Amino acid sequence: MIQCNDYELLYLMNEFDEEAERILVERYLDVIKFRIRSFRVKERYADDFIQEGLYLFYNAVKSYNTNYGKTFFRYFDMILVRKFVRLIMKDKNYFYDVDLLEDTSMLKE
């Protein structure tokens, strides 16, 4: 197993090293799951948020620049939080705050 910091792994990942990519994805998958729990996303939507988080992770790897003055962790976390907030605010009236009825007998006349 490679013992590298994020910057070395980012460089290796940009050079198409599959082992570095696997290690980084494992590290940041925990960050994605932590943010999903912190936003209290319902379990049935967690997989959608994980997929969105992984998509954002790969975009963050491509767009990260050390001149931003942030670590990659902070850069990715900022992007992730902003996207999750936008998703939840956009769709909160449709999915996330609605509990579907399991017993529909009360709807019958």
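**Close-up views of a predicted model**

**View 1. Asp 77, a buried residue.** Asp 77 counts as buried because its relative accessibility is 9%, and buried means under 20%. Keep in mind that this is a predicted model. Where does Asp 77 sit? This residue is found in helix 4, which covers residues 72-96. Leaving aside residues up to four places away in sequence, Asp 77 touches Val 31 and Arg 35.

**View 2. Helix 1 crossing helix 2.** Here we look at helix 1 (residues 6-14) and helix 2 (residues 18-38), whose axes come within 8 Å. Two packed helices are described by the angle between their axes and the distance between the axes. For this pair, the axes cross at roughly 130 degrees, so helix 1 and helix 2 are oblique to each other. The crossing of helix 1 past helix 2 is left-handed.

**View 3. Where helix 1 meets helix 2.** Which residues of helix 1 take part? They are Asp 6, Leu 9, Leu 10, Leu 12 and Met 13. On the helix 2 side, they meet Ala 20, Glu 21, Ile 23, Leu 24, Arg 27 and Tyr 28. The residues of this contact divide into eight nonpolar, three charged and no polar.

**View 4. Confidence along the chain.** The chain averages a pLDDT of 78, and 82% of the residues score at least 70. Where pLDDT is low, the predicted coordinates should not be read in detail.

Methods
Residues numbered from 1 in each chain as written. Predicted model: local features only at pLDDT ≥ 70, side-chain atom pairs only at ≥ 80, totals over all residues. Heavy atoms only, no water. Helix = DSSP H or I, 4+ residues; strand = E, 2+ residues; numbered from the N terminus. Buried < 20%, exposed > 50% of the residue type's maximum accessible area, 1.4 Å probe, protein only. Contact = heavy atoms within 4.5 Å. Axes fitted to C-alpha atoms, helices over the stretch in contact; angles between N-to-C directions. Parallel < 35°, antiparallel > 145°, perpendicular 65-115°, else oblique. Left-handed = near helix turned anticlockwise from the far one by under 90°. Nonpolar A, V, L, I, M, F, W, Y, C, P; charged D, E, K, R; others polar. pLDDT = per-residue confidence, 0-100.
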